[in-house]
Amino acid sequence: MDGSFCSRLWAELAGFLRRTVRFLTTGSSTSSKSSLKGEFFDSMSLRRLLGGVRSRVLSGVQRREFRLPEGGPLISFTFDDFPLSALEVGGAILKSNGMSGTYYAAMGLMGKTSPEAGPYFSGGELETLLKDGHELGSHTFGHISCRTASLSDFTADVMKGKEAVERITGARPSHHFAYPYGHVTWRAKGMIGARLTSCRGIYPGINTSPVDLNLLRANNLYSGSYRWEAVRRLIEQNSQQRGWLIFYTHDLSDRPSDFGCTPAQFESVVKLVQQSRATVLPVGKVAANAASLPPYPKEK
Ligand SMILES: [Zn+2]
(Lines give C-alpha, C1' and ligand atoms only; values in the text may rest on other atoms or scores of the structure.)
Protein backbone atom coordinates (compact mmCIF):
# COMPACT_ATOMS: atom_id res chain seq x y z
CA MET A 1 0.00 0.00 0.00
CA ASP A 2 1.49 3.39 -0.89
CA GLY A 3 1.87 6.24 1.60
CA SER A 4 -0.67 8.61 0.05
CA PHE A 5 -3.33 5.89 0.04
CA CYS A 6 -2.66 5.18 3.75
CA SER A 7 -2.86 8.88 4.67
CA ARG A 8 -6.14 9.28 2.78
CA LEU A 9 -7.52 6.20 4.49
CA TRP A 10 -6.50 7.46 7.94
CA ALA A 11 -7.97 10.90 7.20
CA GLU A 12 -11.26 9.30 6.15
CA LEU A 13 -11.33 7.04 9.21
CA ALA A 14 -10.55 9.95 11.53
CA GLY A 15 -13.38 11.99 9.96
CA PHE A 16 -15.76 9.07 10.29
CA LEU A 17 -14.85 8.62 13.98
CA ARG A 18 -15.23 12.38 14.64
CA ARG A 19 -18.71 12.35 13.12
CA THR A 20 -19.65 9.23 15.10
CA VAL A 21 -18.49 10.81 18.39
CA ARG A 22 -20.40 14.02 17.57
CA PHE A 23 -23.51 12.03 16.82
CA LEU A 24 -23.22 10.02 20.04
CA THR A 25 -22.53 13.08 22.24
CA THR A 26 -24.97 15.57 20.70
CA GLY A 27 -27.52 13.24 19.13
CA SER A 28 -27.08 15.04 15.86
CA SER A 29 -24.85 14.18 12.99
CA THR A 30 -25.58 17.25 10.92
CA SER A 31 -26.50 20.86 11.38
CA SER A 32 -27.77 21.66 7.90
CA LYS A 33 -28.86 20.15 4.62
CA SER A 34 -25.54 20.96 2.97
CA SER A 35 -23.54 19.20 5.67
CA LEU A 36 -25.89 16.20 5.35
CA LYS A 37 -24.94 16.04 1.69
CA GLY A 38 -21.26 16.46 2.59
CA GLU A 39 -21.37 13.63 5.10
CA PHE A 40 -23.16 11.39 2.64
CA PHE A 41 -20.35 11.86 0.16
CA ASP A 42 -17.78 11.38 2.95
CA SER A 43 -19.31 8.03 3.79
CA MET A 44 -19.41 7.11 0.10
CA SER A 45 -15.76 7.96 -0.23
CA LEU A 46 -15.00 5.96 2.92
CA ARG A 47 -16.83 2.98 1.42
CA ARG A 48 -14.78 3.32 -1.76
CA LEU A 49 -11.57 3.44 0.24
CA LEU A 50 -12.54 0.43 2.31
CA GLY A 51 -13.43 -1.38 -0.93
CA GLY A 52 -9.93 -0.54 -2.17
CA VAL A 53 -8.40 -1.93 1.02
CA ARG A 54 -10.47 -5.11 0.72
CA SER A 55 -9.39 -5.69 -2.89
CA ARG A 56 -5.72 -5.09 -2.01
CA VAL A 57 -5.85 -7.43 0.95
CA LEU A 58 -7.72 -10.18 -0.92
CA SER A 59 -5.38 -9.87 -3.90
CA GLY A 60 -2.41 -10.41 -1.60
CA VAL A 61 -3.52 -13.49 0.34
CA GLN A 62 -4.17 -17.15 -0.55
CA ARG A 63 -2.39 -16.69 -3.85
CA ARG A 64 -1.55 -19.45 -6.33
CA GLU A 65 0.92 -17.92 -8.71
CA PHE A 66 2.00 -18.75 -12.20
CA ARG A 67 4.14 -17.16 -14.83
CA LEU A 68 2.56 -16.14 -18.10
CA PRO A 69 3.99 -17.94 -21.11
CA GLU A 70 6.65 -16.06 -23.07
CA GLY A 71 5.41 -14.17 -26.07
CA GLY A 72 2.93 -11.51 -26.89
CA PRO A 73 0.05 -10.05 -24.92
CA LEU A 74 -3.00 -12.20 -24.23
CA ILE A 75 -6.68 -11.31 -24.08
CA SER A 76 -9.69 -13.36 -22.98
CA PHE A 77 -13.38 -12.60 -23.39
CA THR A 78 -15.63 -14.04 -20.70
CA PHE A 79 -19.38 -14.12 -20.04
CA ASP A 80 -21.02 -14.73 -16.67
CA ASP A 81 -24.25 -16.57 -15.74
CA PHE A 82 -24.87 -16.72 -18.91
CA PRO A 83 -27.75 -15.11 -20.86
CA LEU A 84 -28.42 -16.74 -24.23
CA SER A 85 -27.51 -13.51 -26.05
CA ALA A 86 -23.96 -13.86 -24.73
CA LEU A 87 -23.59 -16.90 -26.97
CA GLU A 88 -25.95 -16.09 -29.83
CA VAL A 89 -24.69 -12.52 -30.26
CA GLY A 90 -21.36 -12.32 -28.40
CA GLY A 91 -20.21 -15.81 -29.39
CA ALA A 92 -21.15 -15.16 -33.03
CA ILE A 93 -19.11 -11.92 -33.07
CA LEU A 94 -16.11 -13.74 -31.59
CA LYS A 95 -16.49 -16.66 -34.00
CA SER A 96 -16.73 -14.42 -37.06
CA ASN A 97 -13.43 -12.86 -35.99
CA GLY A 98 -11.73 -16.21 -35.43
CA MET A 99 -11.90 -15.94 -31.63
CA SER A 100 -13.46 -17.92 -28.81
CA GLY A 101 -14.46 -17.09 -25.26
CA THR A 102 -15.12 -18.53 -21.81
CA TYR A 103 -18.67 -18.96 -20.54
CA TYR A 104 -19.07 -19.20 -16.77
CA ALA A 105 -22.46 -20.88 -16.44
CA ALA A 106 -24.47 -20.99 -13.21
CA MET A 107 -26.20 -24.27 -14.09
CA GLY A 108 -29.10 -23.54 -11.74
CA LEU A 109 -30.09 -20.66 -14.05
CA MET A 110 -30.49 -22.98 -17.06
CA GLY A 111 -33.86 -22.49 -18.77
CA LYS A 112 -34.76 -19.49 -16.62
CA THR A 113 -35.28 -15.91 -17.74
CA SER A 114 -33.97 -12.71 -16.24
CA PRO A 115 -36.35 -9.72 -16.53
CA GLU A 116 -33.36 -7.53 -17.41
CA ALA A 117 -30.93 -9.80 -19.27
CA GLY A 118 -33.46 -12.03 -21.07
CA PRO A 119 -33.44 -15.84 -21.27
CA TYR A 120 -30.46 -17.75 -19.95
CA PHE A 121 -28.89 -20.66 -21.84
CA SER A 122 -31.29 -23.59 -22.10
CA GLY A 123 -28.82 -26.46 -22.30
CA GLY A 124 -29.34 -27.50 -25.93
CA GLU A 125 -26.81 -24.98 -27.19
CA LEU A 126 -23.96 -26.07 -24.94
CA GLU A 127 -22.74 -28.71 -27.38
CA THR A 128 -22.52 -26.06 -30.12
CA LEU A 129 -20.72 -23.77 -27.70
CA LEU A 130 -18.01 -26.38 -27.23
CA LYS A 131 -17.94 -27.29 -30.95
CA ASP A 132 -17.32 -23.63 -31.78
CA GLY A 133 -14.20 -23.72 -29.61
CA HIS A 134 -15.63 -21.82 -26.67
CA GLU A 135 -14.98 -22.95 -23.12
CA LEU A 136 -17.53 -23.80 -20.45
CA GLY A 137 -16.63 -22.92 -16.86
CA SER A 138 -18.76 -22.64 -13.75
CA HIS A 139 -20.14 -19.89 -11.55
CA THR A 140 -21.55 -21.87 -8.59
CA PHE A 141 -24.76 -23.86 -9.22
CA GLY A 142 -27.26 -21.50 -7.63
CA HIS A 143 -25.44 -18.21 -8.28
CA ILE A 144 -24.73 -17.59 -4.60
CA SER A 145 -22.35 -15.20 -2.87
CA CYS A 146 -19.55 -16.35 -0.57
CA ARG A 147 -20.24 -13.26 1.52
CA THR A 148 -23.74 -14.39 2.48
CA ALA A 149 -23.49 -18.21 2.38
CA SER A 150 -21.50 -20.18 4.96
CA LEU A 151 -18.15 -21.47 3.75
CA SER A 152 -19.43 -25.06 3.69
CA ASP A 153 -22.62 -24.14 1.78
CA PHE A 154 -20.63 -22.04 -0.69
CA THR A 155 -18.06 -24.80 -1.25
CA ALA A 156 -20.82 -27.38 -1.75
CA ASP A 157 -22.56 -25.15 -4.33
CA VAL A 158 -19.28 -24.50 -6.17
CA MET A 159 -18.63 -28.24 -6.40
CA LYS A 160 -22.25 -28.89 -7.49
CA GLY A 161 -21.81 -26.31 -10.27
CA LYS A 162 -18.48 -27.83 -11.30
CA GLU A 163 -19.94 -31.35 -11.48
CA ALA A 164 -22.96 -30.13 -13.50
CA VAL A 165 -20.61 -28.54 -16.04
CA GLU A 166 -18.44 -31.65 -16.14
CA ARG A 167 -21.47 -33.78 -17.01
CA ILE A 168 -21.57 -31.77 -20.24
CA THR A 169 -17.88 -31.28 -20.95
CA GLY A 170 -16.74 -34.60 -19.53
CA ALA A 171 -14.40 -34.70 -16.53
CA ARG A 172 -11.29 -32.74 -17.42
CA PRO A 173 -8.08 -32.15 -15.56
CA SER A 174 -8.78 -28.43 -15.45
CA HIS A 175 -11.79 -26.43 -14.37
CA HIS A 176 -12.37 -22.69 -14.44
CA PHE A 177 -14.66 -20.65 -12.23
CA ALA A 178 -15.86 -17.05 -11.75
CA TYR A 179 -17.10 -15.69 -8.41
CA PRO A 180 -20.80 -14.63 -8.55
CA TYR A 181 -21.15 -10.88 -7.97
CA GLY A 182 -17.34 -10.78 -7.88
CA HIS A 183 -17.64 -11.43 -4.13
CA VAL A 184 -14.53 -12.95 -2.60
CA THR A 185 -13.57 -13.69 0.99
CA TRP A 186 -10.24 -14.72 2.45
CA ARG A 187 -11.53 -18.18 3.47
CA ALA A 188 -13.48 -18.83 0.26
CA LYS A 189 -10.46 -17.87 -1.84
CA GLY A 190 -8.30 -20.44 -0.06
CA MET A 191 -10.95 -23.16 -0.05
CA ILE A 192 -12.10 -22.81 -3.68
CA GLY A 193 -8.69 -22.00 -5.07
CA ALA A 194 -7.36 -25.33 -3.86
CA ARG A 195 -10.09 -27.23 -5.76
CA LEU A 196 -10.21 -25.45 -9.12
CA THR A 197 -7.71 -24.59 -11.83
CA SER A 198 -8.55 -20.89 -11.98
CA CYS A 199 -10.93 -18.45 -10.30
CA ARG A 200 -11.83 -15.11 -11.87
CA GLY A 201 -13.03 -12.11 -9.91
CA ILE A 202 -14.04 -8.61 -10.94
CA TYR A 203 -11.13 -6.58 -9.58
CA PRO A 204 -10.06 -4.58 -12.61
CA GLY A 205 -6.60 -4.38 -14.11
CA ILE A 206 -4.13 -6.39 -16.15
CA ASN A 207 -2.84 -9.78 -15.03
CA THR A 208 0.95 -9.69 -15.13
CA SER A 209 3.41 -12.29 -13.87
CA PRO A 210 3.18 -13.56 -11.23
CA VAL A 211 -0.53 -14.01 -11.98
CA ASP A 212 -2.79 -15.15 -9.15
CA LEU A 213 -4.81 -18.12 -10.43
CA ASN A 214 -7.02 -17.88 -7.33
CA LEU A 215 -8.22 -14.39 -8.24
CA LEU A 216 -7.77 -13.37 -11.85
CA ARG A 217 -8.37 -9.70 -12.56
CA ALA A 218 -11.09 -8.81 -15.07
CA ASN A 219 -12.59 -5.69 -16.57
CA ASN A 220 -16.26 -5.18 -17.25
CA LEU A 221 -17.83 -4.31 -20.58
CA TYR A 222 -21.00 -2.64 -19.32
CA SER A 223 -22.98 -0.33 -21.51
CA GLY A 224 -23.43 2.39 -18.88
CA SER A 225 -19.74 2.75 -18.07
CA TYR A 226 -18.36 1.85 -21.49
CA ARG A 227 -15.73 4.32 -22.76
CA TRP A 228 -14.07 3.42 -26.03
CA GLU A 229 -10.97 5.48 -25.23
CA ALA A 230 -10.52 3.83 -21.82
CA VAL A 231 -10.77 0.36 -23.39
CA ARG A 232 -8.29 1.37 -26.10
CA ARG A 233 -5.81 2.56 -23.44
CA LEU A 234 -6.23 -0.63 -21.43
CA ILE A 235 -5.52 -2.79 -24.48
CA GLU A 236 -2.48 -0.64 -25.26
CA GLN A 237 -1.16 -0.99 -21.69
CA ASN A 238 -1.67 -4.74 -21.90
CA SER A 239 0.42 -4.84 -25.08
CA GLN A 240 3.19 -2.78 -23.46
CA GLN A 241 3.22 -4.98 -20.35
CA ARG A 242 2.82 -8.21 -22.35
CA GLY A 243 0.11 -9.07 -19.87
CA TRP A 244 -3.16 -10.95 -19.85
CA LEU A 245 -6.25 -8.80 -20.13
CA ILE A 246 -9.61 -10.37 -19.30
CA PHE A 247 -12.95 -8.80 -20.18
CA TYR A 248 -16.33 -9.89 -18.83
CA THR A 249 -19.95 -9.03 -19.51
CA HIS A 250 -23.38 -10.68 -19.37
CA ASP A 251 -26.10 -10.05 -21.99
CA LEU A 252 -25.65 -8.41 -25.39
CA SER A 253 -28.52 -6.50 -26.93
CA ASP A 254 -29.42 -3.06 -28.21
CA ARG A 255 -31.11 -2.48 -24.85
CA PRO A 256 -28.83 -4.39 -22.49
CA SER A 257 -29.21 -4.78 -18.74
CA ASP A 258 -26.96 -2.76 -16.43
CA PHE A 259 -24.55 -5.70 -16.59
CA GLY A 260 -24.41 -6.13 -20.35
CA CYS A 261 -23.44 -4.18 -23.42
CA THR A 262 -24.63 -3.56 -26.95
CA PRO A 263 -23.41 -5.66 -29.90
CA ALA A 264 -21.86 -2.49 -31.37
CA GLN A 265 -19.85 -1.84 -28.21
CA PHE A 266 -18.70 -5.45 -28.04
CA GLU A 267 -17.75 -5.44 -31.70
CA SER A 268 -15.75 -2.24 -31.27
CA VAL A 269 -13.74 -3.91 -28.48
CA VAL A 270 -13.15 -6.97 -30.67
CA LYS A 271 -11.85 -4.66 -33.45
CA LEU A 272 -9.50 -2.90 -31.01
CA VAL A 273 -8.24 -6.28 -29.82
CA GLN A 274 -7.65 -7.38 -33.42
CA GLN A 275 -5.66 -4.24 -34.15
CA SER A 276 -3.54 -4.83 -31.03
CA ARG A 277 -2.44 -8.20 -32.41
CA ALA A 278 -2.82 -9.76 -28.99
CA THR A 279 -3.49 -13.48 -28.89
CA VAL A 280 -7.11 -14.16 -27.92
CA LEU A 281 -7.66 -17.36 -25.97
CA PRO A 282 -10.23 -18.79 -23.56
CA VAL A 283 -9.06 -18.62 -19.93
CA GLY A 284 -8.28 -22.35 -19.75
CA LYS A 285 -5.95 -22.24 -22.76
CA VAL A 286 -3.86 -19.52 -21.11
CA ALA A 287 -3.76 -21.32 -17.78
CA ALA A 288 -2.81 -24.58 -19.52
CA ASN A 289 0.26 -22.91 -21.05
CA ALA A 290 1.35 -21.31 -17.83
CA ALA A 291 4.26 -22.33 -15.68
CA SER A 292 3.55 -22.66 -11.99
CA LEU A 293 5.60 -20.66 -9.53
CA PRO A 294 6.40 -21.65 -5.94
CA PRO A 295 3.48 -21.04 -3.54
CA TYR A 296 3.05 -17.55 -2.14
CA PRO A 297 4.80 -16.08 -0.22
CA LYS A 298 7.95 -16.98 -2.09
CA GLU A 299 11.15 -17.64 -0.26
CA LYS A 300 13.76 -14.96 -0.80
ZN1 LIG B 1 -23.11 -13.89 -12.12
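Axes here are lines fitted to C-alpha atoms, for helices over the stretch in contact, and the angles between their N-to-C directions run from 0 to 180 degrees. On that basis, helix α5 (residues 151-169) and helix α6 come within 10 Å of each other, their axes crossing at roughly 35°. The model is predicted, with local features requiring pLDDT of at least 70 and side-chain atom pairs counting only at pLDDT 80 or more, whereas totals for chains, interfaces and linings use all residues. Residues are numbered from 1 along each chain as its sequence is written. Helices (H or I, at least four residues) and strands (E, at least two) are DSSP runs, numbered from the N terminus.

**Helix α5 against helix α6**

- Leu151, Phe154, Thr155 and Val158 of α5 meet Arg187, Ala188, Met191 and Ile192 of α6, where contact requires C-beta atoms, placed from the backbone, to lie within 7 Å.
- Within helix α6 (residues 186-193), Ala188, Lys189, Ile192 and Gly193 are buried, a term that requires 20 or more other C-beta atoms within 10 Å of the residue's own, with 12 or fewer counting as exposed and values in between as partly exposed.

**Helix α3 against helix α8**

- The axes of helix α3 (residues 84-96) and helix α8 (residues 263-276) come within 10 Å and cross at roughly 25°, which makes α3 roughly parallel to α8 (under 35 degrees; over 145 is roughly antiparallel, 65 to 115 roughly perpendicular and the rest oblique).
- The contact is formed by Val89, Gly90, Ile93 and Leu94 of α3 together with Pro263, Phe266, Glu267 and Val270 of α8.

**Backbone geometry**

- Asp81, although not a glycine, has a positive phi of about 100°; this residue belongs to strand β2 and is buried, with 22 other C-beta atoms within 10 Å.
- A cis peptide bond with omega of about 5° joins Asp81 to Phe82, and Phe82 is found in the loop between β2 (74-81) and α3.
- The peptide bond from Ser209 to Pro210 is also cis, with omega near -5°, and Pro210 sits in the loop between β8 (198-200) and β9 (211-212).

Conventions: Contact = placed C-beta atoms within 7 Å.
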